[in-house]
Amino acid sequence: MAIGLDEVVAAETVLSDVDGARGQLVIRGHRLDDLAGRTTFEEVVALLFDGFLPLPADVPVALGAARIEAFAMARPLLPLVRDRPVYDAMRAVMAMLPDGTTTADALRLVAAPAVLIPALLRQAGGAAPIAPDAATGHAADVVRMLGHGADGARAAALDTYLVTVCDHGLNASTFAARVVASTAAGLTSAVLAGLGALKGPLHGGAPGPVLDMLDAIAQAGDARAWLSHEVARGERLMGFGHRIYRVRDPRADALKAAVARLPQTAGRLDEAQAIEAIALDVLRAHRPGRVLETNVEFYTALLLEAVGFPREAFTGVFAMGRVAGWIAHAREQALTGRLIRPQSRYIPPSAAAA
Ligand code: ACO
């Protein structure tokens, strides 16, 4: 029995392949290296949706229109979630979206985190939300809605990030979305399941704590002593380890390169790389028999910080990219017509007490 489903193949997919031994990620036949930094998020949305939803003639235009629509729907709800953490507020507003299975439903769900995260952050800071501009690229519009104006470098970095995290095999949140889709529920329900699973620190909740860790190390002064103390008391180092990868997560380097292309990140990058090297050393000593390498979340933290997101928004920005994968997987699962319904092994009270 595979508690945690480690070796279980629970779905067939044409969407992405994670080769944990070689450290390769393939998205619909394209290696991550050929997509990240070279393809827009809109192009990747079209790539993922193709064959699962009727594609509009012009995906960037349709996604721009969906941002306008999502903003109009969400705006009256923003004051209701004023006191909630950003991620929970985003999830609550997204729960109000229609629960259909059309292309319009899908694009609205892709658009929602992109308009909600900036609007919620601005609301928390006492500023009015900035309405989306349908004529701007998706990532550039997010940067604009955050209040940074037209900033090509930030937009390019965010675009690279959204493409890098758009899909990743049958990870926990994608599996959750597929389970819900297998019941023939709508796309909003499937996306909400994905959002729930993504939130935890063992999945998409790690990048904020990565920055907390860097801060704590800066304050303590001695990185090796701090990191060794953490693992010795049973804590997991955020941004390291992975269920599938037995080598370095290929997304880490794609994101590191994107951070390096941003102005004024050299000092932060040097500092983070030095801590990364010590952390890997500490983890090797802690678990000599188990490869614990850098995962996507370590450089996600640096990239999103450099783009201008506060750390409480990081997991929501992850959802901004991954929502495309959740929807494609939900459609792929629904097309199989097969309910996902595994079994559990019952342990009677007498055996549990023994
Ligand atoms: N720091 C210290 N020890 C670790 C770490 C870590 N980051 N990761 C794994 N270990 C330890 C585990 O505690 C476990 O030890 P144990 O057998 O004594 O309990 C051992 O290494 C083996 O763990 P795995 O079975 O490989 O880990 P698992 O597949 O269950 O977990 C996970 C993978 C959740 C990503 C884990 O490595 C972790 O918690 N990392 C830190 C959080 C993090 O970075 N999350 C983001 C993941 S990437 C993503 O989802 C987008």
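Contact here means heavy atoms within 4.5 Å. With that cut-off, 19 residues of domain 1 touch 23 residues of domain 2. This is a predicted model, where local features need pLDDT of at least 70 and side-chain atom pairs count only at pLDDT 80 or more, while totals for chains, interfaces and linings use all residues. Residues are numbered from 1 along each chain as its sequence is written, and side-chain values use heavy atoms, with hydrogens and water left out.

The domain bounds come from an automatic or database domain assignment:

| Domain | Residues |
|---|---|
| Domain 1 | 29-203 + 312-336 |
| Domain 2 | 207-306 |

Their centres, taken over C-alpha atoms, sit 26 Å apart. Between them the two domains bury about 1,600 Å², with 75% of it on carbon and sulfur atoms; buried area is the accessible area (1.4 Å probe) that two parts lose on being put together, summed over both. On the domain 1 side, Y161, H168 and F314 supply 39% of the area buried against domain 2, more than any other three residues.

Now for a helix pair. Helices (H or I, at least four residues) and strands (E, at least two) are DSSP runs, numbered from the N terminus. Helix α3 (residues 59-74) packs on helix α5 (residues 103-124) at about 65°, with axes 8 Å apart. Those axes are lines fitted to C-alpha atoms over the stretch in contact, and angles run from 0 to 180 degrees between N-to-C directions. Among the contacting residues are F71 and M73 of α3, plus V115 and L116 of α5.
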